[in-house]
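Thanks for making the time this morning.

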Amino acid sequence: MTQHKKVTKKVQIALGLATAGLFLGACGSSKSATEASVAVTETTVMAADCPAADIVDAAKAEGQVNLITLPDTWANYKGILASYRDKYGIKDPVANPDGSSADELTAVETLAGQPDMPDAVDVSPAFAQEFDTKGHWEPYQPCLWDEIPTTLKDPAGNWVAAYYGLMAIGVNTTVVTEVPKSFADLKDPKYKGLVAINGDPRQSGAAFAAVMAAAIANGGSFDDILPGIKYFAELKKSGNLSASDVTAASVISGETPLVLDWTYNYPGLAPTLAENNITFQVAVPTDGVYGGYYAQGVVKNSPHQNAAKLWIDHLISDEGALGYIVGGAIPARFDALVAAGKVTPEMMANLPDPALIKDIKFPSAEQVAKAKEVLTAQWGPLVADK
Amino acid sequence: MNITVWSGRGSLSERAPLGFLQRVRPWFGVSPFAIFVGIFLLWPSFSVFRSALQPAEGSSKPAMLEAISGQYLSSILFSMRMSAITATLGMVIGTLVAIAVVSLDRMRGLRNLMVGYSAVAANLGGIPLAFAFIASLGMQGLYTKILSAFGINLSDMGFKISDFSGIVIVYLYFQIPLMTLVMLPAVDGLKSTLREAASNLGASSRQYWKSIGIPLLTPSLLGGFLLLFANAFSAYATAFALSAGGSRLVSVQIRFYLQGNTITGKSNLGYALAAWMIIVMVVAMSGYLGLRRVSERWRR
Amino acid sequence: MKRNNVWAKILLFTVGAFYVLPMLAMARFSFQRVPVIKLGWSTLLKNWTFEPMFDAVTSDRFLEAGWLSVRLAILSVLLSLLILVPTTVYVHVRLMKARAFVELLSILPFVVPPIALVVGISSAMRSTIPSFLSSPFSLVPFYVVIALPFSFRSLDVGLSSIDLKTLVEASRSLGAGWLRTVRSVILPNLKVGVVNASFLTFAVVLGEFTIASLLLKFTLPAYMAEAQGNNPQGTFTVGLLLLVVSALLLGVMNRITRGKSQIVSTIGI
């Protein structure tokens with residue numbers, strides 16, 4: 001526990017034993033109604049000290065946080081960056097927004113010790129592991145650490161998963177009138193040349209997730225990605241799989257009307273789609289539900305440590321969480337926010353069905369590593385090279 | 001034909017033989033250039049080889065060996081094939097364009113236009129070019145739609161812009177102008193007097209080209225082919241933007257290991273693929289230099 | 001010759017159409033907010049707008065990236081000329097034997113694909129001179145290297161067409177000092193080559209993406225990659241604008257360097 005936590009605890013105990021008792025009970029367990037209401041009180045009490053005042057002051061003194069690879073249209077980072085800037089007056093420039101997790105690692109290593117070294121990163125789980133192995137994480141537990149479910153944070157306190165999403169089928173209904181609801185539907189000949197994944201799964205996290213989701217839909221599991229690879233091999237053979245890369249332009253032009261991508265990648269396109277009079281629908285496939293998260297953390301020895309810590313706090317805080325919801329991503333503290341009544345029905349519309357959200361499980365690091373081995377060996381020969 | 005007067009040469013042999021230091025000293029004049037290239041090109045390249053000789057994670061053999069086996073070997077061969085095809089087509093069409101431009105001697109404006117646009121198009125590539133073709137001939141392309149209004153349905157004919165043939169067409173967009181730019185000075189140099197002389201002696205157009213035109217152009221043709229091959233081989237932005245069809249290219253695959261989101265720990269494999277790309281190019285370059293020496297000897 | 005003209009014209013027309021048509025399709029996509037599937041006679045004239053273009057061109061990000069790219073291009077041209085002009089002149093005047101060596105060095109950048117160069121740069125220089133890589137202007141020497149095959153060739157072709165060595169010797173033996181010789185003999189023959197080399201280097205720099213993006217520099221191509229996520233149509237209008245502007249610049253350059261060796265003689269290999 002960090003020092004900050006101890007202070008808060010003292011405050012709690014000073015308020016009253018009953019509250020303290022309930023607080024200790026609420027700590028680290030999943031939320032029930034009564035506990036949630038205590039959590040609300042606790043949050044309001046903690047809000048005064050969360051994020052810690054000394055961190056805020058030190059961050060403001062630093063004046064800037066170097067961020068990297070946060071596209072505007074990805075989970076509404078545009079809005080979240082703006083809310084951070086507005087709330088604290090700290091600059092948050094984003095380098096290489098369209099880069100990959102590997103680019104982030106390269107940047108951290110290439111620019112080590114330089115003023116433009118990234119302070120905080122947002123990487124795929126595989127790279128969160130790489131960062132750990134290479135010792136690039138600065139462990140930091142944001143003030144609302146206890147409200148984050150165990151599956152969405154690193155036990156050693158290196159990173160948090162501030163948001164996650166589901167793999168979903170995005171349909172350009174201006175081009176495709178009959179909306180497919182499942183992976184099985186996508187095999188229909190009427191969708192010839194129309195199904196696209198967001199890149200090559202050996203490179204793109206979203207495409208990798210699509211293959212995993214397809215595996216689940218076709219008798220595989222987190223441990224067995226091969227059915228997913230075979231599914232896409234079949235799609236390619238029948239001609240349903242489009243070879244075009246999915247970009248904003250390809251979605252708008254209608255070149256890729258059926259897209260398999262994270263739920264949080266769609267809302268960002270909404271304004272441009274509307275301008276072009278294109279109607280769009282997003283649906284989680286019924287036969288393959290797959291969730292994925294990204295990990296955020298502070299980089300060791302970076303130039304603006306406090307601003308970076310404040311950034312992580314911001315992502316977990318209510319403003320950050322609501323920002324993610326607007327972007328179609330499910331924030332880590334989703335349950336707490338819903339219980340506190342902070343999520344309006346309009347915001348809920350951006351997210352997938354709550355029933356699905358409840359059932360999300362994430363693969364473990366070992367399962368992902370094994371799946372990638374199989375993918376690297378088999379995707380080329382079975383799918384890409386055919 | 002250059003009638004060079006190497007006035008120096010005759011007198012050289014009459015001078016006393018120079019000492020070693022005296023011969024080496026003039027070479028210091030090119031050392032700034034050599035050092036510059038050494039630091040900013042050779043040093044990074046050696047680094048690539050150094051990393052490539054180590055094994056990738058989860059493997060015991062050096063990455064260099066792994067990168068030349070199985071699916072990686074087929075990627076390298078695929079890239080070479082693609083580059084050779086686009087280079088050949090580009091060479092032929094580009095040269096014809098150069099010849100056409102030169103023969104339309106009177107229409108200077110047209111020549112300027114073609115040359116100007118060629119210089120720009122030769123540097124085009126990546127996302128804008130890929131998208132321009134997707135917007136033209138993709139599933140929802142403008143011309144796809146226009147053609148289907150005339151009853152020509154491209155997807156029924158099995159054509160996809162992101163297939164092999166599609167990528168070749170897109171690559172030609174910058175290969176052809178590059179070749180044109182290379183060949184224009186050479187075609188310009190084919191003096192019209194030679195042509196007239198040939199026809200005066202009774203040679204047909206075909207004989208002219210076969211015995212005079214093409215041999216004279218050969219050094220430039222070879223150089224152009226090599227340039228186009230190198231250009232296509234290293235290109236990845238365009239193929240990347242056209243995605244799946246391009247993911248069989250080595251240049252795109254290097255990204256999987258060095259710039260991806262999913263695969264970790266195999267960066268040495270990426271370096272190894274890059275190292276093999278360099279080796280392929282060195283071999284091609286040597287071949288070119290050798291062939292050029294032979295053809296230039298003929299020229300003299 | 002007359003019969004030739006017919007096939008020449010047909011060929012040029014076909015190739016010209018091949019060049020222009022895709023750009024027209026991209027322009028239609030960028031300027032008209034109607035998806036192709038809804039495009040028909042009735043919607044042909046609807047929803048044409050300059051709005052995406054204005055948004056892109058007036059955005060801070062575009063101006064920032066454009067300004068960096070222009071500065072990098074200018075510096076690359078200057079560094080290029082600074083290194084190459086003395087070298088080529090020296091070779092032609094003093095040491096023709098070195099020409100093959102210099103030419104080989106100038107073709108080497110082709111041998112190393114940009115993506116390989118990038119990974120090499122990162123791994124080589126990361127541990128030894130990291131602060132160098134931090135500056136945006138660290139791209140300049142690498143851009144000079146990438147443009148070498150073109151820039152060296154431009155300068156070399158210009159000087160090869162005349163026997164510079166003899167002319168210089170003649171000039172010197174007629175009593176002209178070095179300064180005079182440089183001014184009257186060497187420089188005029190360099191003029192066209194310098195102009196061509198500069199333009200080609202400029203074009204290469206403006207279009208280079210790989211190295212810039214890996215070293216986290218925000219250049220024009222990096223802007224295009226970023227902006228195409230939230231304003232795809234605007235981004236492509238910027239691309240088209242660059243295309244038109246470059247083509248015009250080239251036309252102007254062509255007119256200025258009138259004479260036998262035009263822009264044409266740029267890459268005579």
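Where in chain B is the place of Leu242(B)? Leu242(B) sits in the loop between helix 12 (237-241) and helix 13 (250-258) of chain B. Before I go further, please keep in mind that this is a predicted model, and that every value I quote is computed from it.

Is Leu242(B) buried or exposed? Leu242(B) is buried, because 29 other C-beta atoms lie within 10 Å, where the cut-off for calling a residue buried is 20 or more. As a reference for distance, Leu242(B) and Ser45(B) are 197 residues apart in sequence and 28 Å apart in space, C-alpha to C-alpha.

Let me now turn to chain B as a whole. Its secondary structure comes to 14 helices and zero strands, and of the 300 residues of chain B, 50% count as buried. If we take the contacts in chain B with a separation of 6 or more, residues 24 or more positions apart account for 75% of them.

Next, the contacts between chains. How many residues of chain B are in contact with chain C? There are 76 residues of chain B in contact with 71 residues of chain C, and the largest share of the side of chain B that touches chain C, 13 residues, comes from helix 3 (residues 31-52) of chain B. By class, that side of chain B has 53 nonpolar, 21 polar and two charged residues.

Within that contact, I would like to look at one pair of helices. Helix 3 of chain B and helix 5 (residues 114-125) of chain C pack at an angle of about 85°, with their axes 7 Å apart, which means that helix 3 of chain B is roughly perpendicular to helix 5 of chain C. On the chain B side, the contact is made by Trp43(B), Pro44(B), Ser45(B), Ser47(B), Val48(B) and Ser51(B), while helix 5 of chain C contributes residues including Leu117(C), Val119(C), Gly120(C) and Ile121(C).

The contact between chain A and chain C takes 30 residues from chain A and 21 residues from chain C. On the side of chain A that touches chain C, the elements giving two or more residues are helix 6 (101-110) and helix 10 (248-253) of chain A, and helix 6 of chain A gives the most, with five residues. The residues on that side of chain A divide into eleven nonpolar, 13 polar and six charged.

Why can helix 6 of chain A be called largely enclosed by the rest of the structure? The reason is that nine of the ten residues of helix 6 of chain A are buried, so the helix is largely enclosed by the rest of the structure. Among those buried residues are Asp103(A), Glu104(A), Leu105(A) and Val108(A).

The axes of helix 8 (residues 205-217) of chain A and helix 9 (residues 226-238) of chain A come within 7 Å and cross at roughly 100°, which makes helix 8 of chain A roughly perpendicular to helix 9 of chain A. Helix 8 of chain A makes the contact through Val211(A), Met212(A), Ala214(A) and Ala215(A), and helix 9 of chain A through Pro227(A), Gly228(A), Ile229(A), Tyr231(A) and Phe232(A). The residues of this contact divide into eight nonpolar, one polar and no charged.

Leaving aside neighbours within four places in sequence, Tyr163(A) is in contact with several residues, among them Ala75(A), Tyr264(A), Tyr293(A), Tyr294(A) and Tyr324(A).

Finally, chain C. Its domain assignment gives domain 1 (1-49) and domain 2 (50-267), and 31 Å separate the centres of domain 1 of chain C and domain 2 of chain C, taken over C-alpha atoms. Seven residues of domain 1 of chain C are in contact with eight residues of domain 2 of chain C, and the residues on the domain 1 side divide into five nonpolar, two polar and no charged.

Technical notes. Residues numbered from 1 in each chain as written. Chains lettered and ligands numbered in written order. Predicted model: local features only at pLDDT ≥ 70, side-chain atom pairs only at ≥ 80, totals over all residues. Contact = placed C-beta atoms within 7 Å. Helix = DSSP H or I, 4+ residues; strand = E, 2+ residues; numbered from the N terminus. Nonpolar A, V, L, I, M, F, W, Y, C, P; charged D, E, K, R; others polar. Axes fitted to C-alpha atoms, helices over the stretch in contact; angles between N-to-C directions. Parallel < 35°, antiparallel > 145°, perpendicular 65-115°, else oblique. Domains from an automatic or database assignment. Buried ≥ 20, exposed ≤ 12 C-beta atoms within 10 Å, placed from the backbone.
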